Amino acid sequence: MSPSPSPDASGARPTRRGGRWERYRVVHPFSARDQAGLWGAIVGVVALALLLGWALDMKGGVVIVAAIPFVIGWYENRRTAFQFDAAGARFGTTLLPWSDVTQFVVAEPPGGRETLIGARLRTGATPPTGADLSPPHPAMPAPVHVAVPRAKFDLAKMIRKARSYAPPHVRIVVADPSGERAAH
């Protein structure tokens, strides 16, 4: 009798390590616009706390403590360029479920400062309706992709995380002008 597969063998469940949910994430470069948005949200939360404290005779600290996770989540989502976790693979704001992804494709256009990370989809799968996708790039053979700063991308770390976390059917390939090869 063969052993039954573990319930998380499909990659459908999150993995916890050291109290944190396991994921791989690459962020956009820091920008003054993002910083202004973060500080604007913080000032707005504090102003709301003061207003509620004055109008409803309520403790403003409760509002601040309750709102901080939402502000942090908003800021993280805004800066995330590429991520894979329990839900699937996210390219900017587009989330692809694991069942639709067959390969991650990594390409570094010559002379550029960016690395392209893409996904090939299973036959019949399409990106979600209304997905905000990058236009095609000659160096990227995958239909869904995002550009990330080369300085923030670590292929070895992506491979390690994918081996321990992504579903086993997902492969990583490196595309360059001479062709494609499996990433090791």
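Predicted model: local features only at pLDDT ≥ 70, side-chain atom pairs only at ≥ 80, totals over all residues.

Colleague: Take the rings of Trp98 and Phe104: is the pair stacked or edge-to-face?

Modeller: A pair of aromatic rings is described by the distance of the centres and the angle of the planes. For Trp98 and Phe104 the centres lie 6.1 Å apart and the planes stand at 70 degrees. Planes over 60 degrees apart count as edge-to-face, so the pair of Trp98 and Phe104 is edge-to-face.

Colleague: Which residues do ring pairs link into a cluster?

Modeller: Trp98 counts as buried at 6% relative accessibility, and Phe104 counts as buried at 0%. Both belong to a cluster linked by ring pairs, whose members are Phe82, Phe84, Phe91, Trp98 and Phe104.

Colleague: Which residue stands opposite Phe104?

Modeller: Strand E7 covers residues 101-107, and E7 pairs with strand E10 (residues 171-176) in the parallel sense over five bridges. The residue in E10 that stands opposite Phe104 is Ile172.

Colleague: Five strands form an open sheet; which of them stand at the edges?

Modeller: Strands of a sheet pair through backbone hydrogen bonds, either parallel or antiparallel. Here the order is E9-E8-E7-E10-E11, with mixed pairing. Two of these strands have a single partner each, so one side of each is left without a neighbour in the sheet; they are E9 and E11.

Colleague: Moving on to charged side chains, how many salt bridges does the structure hold, and how many residues apart in sequence are the parts tied together by Asp100 and Arg122?

Modeller: The structure holds two salt bridges. In one of them, the side chains of Asp100 and Arg122 meet at 3.1 Å, N to O. Asp100 sits in the loop between strands E6 and E7, and Arg122 in the loop between E8 and E9, so the parts tied together are apart in sequence by 22 residues.

Colleague: Which residue forms a salt bridge with Glu180?

Modeller: The closest N and O atoms of this bridge are 2.5 Å apart, and the partner of Glu180 is Arg120. The pair links distant parts of the chain, with Glu180 in strand E11 and its partner in strand E8, 60 residues apart. Glu180 is partly exposed at 42% relative accessible area, and so, at 21%, is Arg120.

Colleague: How far apart in space are Pro149 and Thr115?

Modeller: Pro149 is found in strand E9 and is buried, with a relative accessible area of 17%. Pro149 and Thr115 are 34 residues apart in sequence, yet their C-alpha distance is 6.1 Å.

Colleague: Finally, what share of the chain's residues count as buried?

Modeller: The chain has three helices and eleven strands, and its accessible surface comes to about 11,200 Å². Of its 184 residues, the share that count as buried is 35%.

Methods:
Residues numbered from 1 in each chain as written. Heavy atoms only, no water. Salt bridge = Lys/Arg side-chain N within 4 Å of Asp/Glu carboxyl O. Helix = DSSP H or I, 4+ residues; strand = E, 2+ residues; numbered from the N terminus. Buried < 20%, exposed > 50% of the residue type's maximum accessible area, 1.4 Å probe, protein only. Phe/Tyr/Trp six-rings, centres within 6.5 Å; stacked < 30°, edge-to-face > 60°. Pairing = 2+ DSSP bridges. Areas by Shrake-Rupley, 256 points an atom, 1.4 Å probe, with all protein chains shown as cover.
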